[in-house]
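This briefing describes the fold of one protein, from a helix pair to its sheets and overall dimensions. Please consult the sequence and structure shown below while reading.

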Amino acid sequence: MDIAHTPSGADCTPQPTDAPPEPREPPVIRREDYEPYPWLVPETELNFELELERVRIASKLAVTRNPDAEPSSAIRLNGDGLEPLSVKVDGEVISGWTLEGGDLLLDLPGDTHEIEIVTEIDPSANTQLMGLYASNGMLCTQCEAEGFRRITFFPDRPDVLSTYRVSMRGPKARFPVLLCNGNEVASGETEDGINWADWHDPWPKPSYLFALVAGDLVANSDVFTTMSGRLVTLNVWVREEDLPRTGHALESLKKSMKWDEETFGREYDLDLYNIVAVSDFNMGAMENKGLNIFNTKYVLADPETATDGDFDAVEGVIAHEYFHNWSGNRVTCRDWFQLSLKEGFTVLRDQLFSQDMQGEAVKRIEDVRILRSVQFPEDSGPLAHPIRPDSFREISNFYTSTVYNKGAEVIRMMRTMAGKEAFRTGCDLYFERHDGEAATCENFVRAIEDGAGLDLAQFRLWYSQAGTPKVVIRLAHEGDVARLTLSQDIPPTPEQPAKLPMPIPLRLALLDRESGRHRGEQMVVFDTAEKTLSFGGFAEPPVLSINRGFSAPVTIERAMPDEDLVFLAAHDDDAFARYEAMQELAVGYLVVAAGDGFDDVARERGRAAIRTALAAIIADEGLDDLMRGELMTLPSQTYIAEQLLVADPARIHEEHEGLKAWLGAELKSELVALHAQACAVPYGLGRAARGARKVKTRALTYLAAGDPERTAEIASSQYDVADNMTDRQGALMVLTGLDTPQRTGKLLDFYNRYQDNALVVDKWFALQAMSLHAETLEHVKALAEHPQFALRNPNRVRSLYMAFAGNQHAFHAANGEGYRMIADLILTLDPINPQTAARFVPPLGRWRRIEPHRAALMRGELERIAAVKGLSRDTYEQVTRSLG
């Protein structure tokens, strides 16, 4: 897994209700308490009678005692909000069952039994979007992590694997298309207009991978021939009006299937692969076996309505869910503590795929930017946890950047240390050993260890220790010897005050100051608290390039002169190291500027170094524009705040925007020329055209800060002549941050053009919520009253409020109004969709790293949320951990 509407003018102010009884504190689930389920369920049959407001489910479970578990005469079948209409064991109706905490408990005297249960649910009332729910006239499911128990009683845990036979019946007029996992066995229509279909999935799977879709849909179809010569039918199912925007998704699927065969040797194993796009979805997409269910955001794309970033996201998420067929489905996880086994590994696989499709250097920079902006703050805050957590109250809270993105980095480090071929050998061994099983992170590490011939005993600490390691670097030169001293420190995190040194693979090179060349890259595995390395043959002090390619997810602390960083930004032959030097220049300046401050001489010297480096990047004819656009990007305000023990968001914003304005004014002629040059490149999906669009927007952001009135004219012109969404959205993004007449006109035009396209309207909300405009807070309040704002649609909620929570200058308003707005949203949304509500808690949870005045306001809002009775487990856990 990647990660009905309210009336217009939905109010996000909590309304008084009758207080429910004081809830019992949610129990803590611990990894060390894992025990195998006492029963196996080799076969499951499900029969669905479908209506939008009533679905009757008849389940039949073949159960047999698990010889590897402690024997038990009782079986616990998980349920959530269900009442059994009938229960049979071995064909006989029984009454000796009980409900405990929502679960159904039965006594089973023998070794093998058949259990039949009938339940009934109302999908139209399912606002949590977990289990079986209605979305714009269709029925669909989301069962990961614990949604299947909202459909029928079942051992809803990932280590219980079963084959499924499913029958569905419903009115043909409403449900002309009936889809499920696996292959369709038979289908037809009765004389009274009932559509029916039978499906069979021959591959054993856990209940979280079950999927069902019923609705009025059309498909973009194709056929893929696997490496063994089998034909697989591919379908991308959408509403009829969306069909023209599915071509990119279908092509991305075919590329993914071919790439996985060539790179990992993994072939698809069914006759049919279905993708369905759904507009109401909590996450990005779901890898259900043979029937992937996607947020429409990651399926629909064409040049008029999707940016280059959207095209990349569709390709990446399509690949991610397809790759799960092996890394997640054929080999699943034993328990939810092993979530990174499937997600971290699959994120790495989709990153490697995207590198091959889009270019390695730029994709690597994009991945690191996401890691630093989301995962690094998570690792240094109250919600820090290892990639394999030790405990949780609500598993939905552990679909985190740590599990996904850091998990991918940890596996990437194994690949770096092993080498590509040996890593592939280890992966083959993992699939061979555990195909058809529910495995653990330890199983994966052991397979890489055995296949690649590595000793990963100490490396396993990456799975058990939270926190981002800090590597301190000192480079000394004496005679003809360069001496490199490394030390590592892993800061304390909740429940882990002290850490052991971890193996850190660092790719490095020493560059000659005159030629800009080096003698070759080396990799050092730094696995002690401190280490010194000596390099001979350097008559003059070399310039150190380290953590090339971001070979390890660590922070680097070093005292490097600005002139050396300018040198690396211009001459390093490692693209990431070049980007990093530029970032380090800007971070070093902004951390001091927003912290203790500069004297005038130091400020001018720091700005001049950044100007020199940026001017060289703009002028470098050897750079392609995709890379140039990355090198031109200033570090985010969030990342600057992470470098400070206690951050003042207002001062960071002032210094960040001040530097941007100074650079925009200093390099105005160069930036205007770059923008004009990029405007001459016609639209296309190749690297040159995509790069031109990227630098076009980068140039506008600097120019807008330095000369807003002139830039408003340039941006308005770009908006008017744009023949694609990337250019139009880039221009509008700049205009939304300016207080000029063009702003209102272009926002209105954008809305009028696209008001019938939900995904583009999401962009319209988000652009205003993340704007640099001084009145953004008031704009967000007004947008919450807009007729198209829908509290029950996760995409719409995220487009407005998550964009706002990430807007450092607006969210951190000195009077605390931004914090209050997000707290009110959490309290209003929690009874409707707790999973989405809980994801708004972390921005408030950063209070310990914010200056005292704002910190007190943030903590106060968390305490206000915590005092409310009847919070969901999702929100309760996030808030109590954030308060600490």
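Helices α9 and α11 are roughly parallel to each other, a label for angles under 35 degrees, where over 145 is roughly antiparallel, 65 to 115 roughly perpendicular and the rest oblique. The model is predicted: local features need pLDDT of at least 70 and side-chain atom pairs count only at pLDDT 80 or more, whereas totals for chains, interfaces and linings use all residues. Residues are numbered from 1 along each chain as its sequence is written, and side-chain values use heavy atoms, with hydrogens and water left out.

**The α9–α11 pair**

- The axes of α9 (residues 562–571) and α11 (residues 600–619) come within 9 Å and cross at roughly 10°; axes are lines fitted to C-alpha atoms, for helices over the stretch in contact, and angles run from 0 to 180 degrees between N-to-C directions.
- The crossing of α9 past α11 is right-handed, meaning that the near helix is turned clockwise from the far one by less than a right angle.
- From α9, D562, V566 and A569 meet G606, A609, T612 and A613 of α11, contact being heavy atoms within 4.5 Å.
- The residues of this contact comprise four nonpolar, two polar and one charged; Ala, Val, Leu, Ile, Met, Phe, Trp, Tyr, Cys and Pro count as nonpolar, Asp, Glu, Lys and Arg as charged, and the others, Gly among them, as polar.

**The five-stranded sheet**

- This open sheet has mixed pairing and the order β17-β18-β19-β21-β20; two strands pair if DSSP finds at least two bridges between them.
- At its edges are β17 (218–225) and β20 (285–286), each pairing on one side only.
- β20 and β21 (residues 291–295) run antiparallel and are joined by two bridges, and M286 has I293 in β21 as its bridge partner.
- Helix α1 (residues 247–264) lies across β17, β18 (231–238) and β19 (272–278), at about 25° to β17.

**The three-stranded sheet**

- A further open sheet, antiparallel in its pairing, has the order β28-β27-β30.
- Its twist averages 35° from one strand to the next.
- Five bridges link β27 (residues 504–511) to β28 in an antiparallel arrangement, with I504 opposite F526 of β28.

**The whole protein**

- The secondary structure comes to 28 helices and 31 strands, which are DSSP runs numbered from the N terminus (helices H or I, at least four residues; strands E, at least two).
- The C-alpha atoms fill a box of roughly 90 × 60 × 60 Å along the principal axes.
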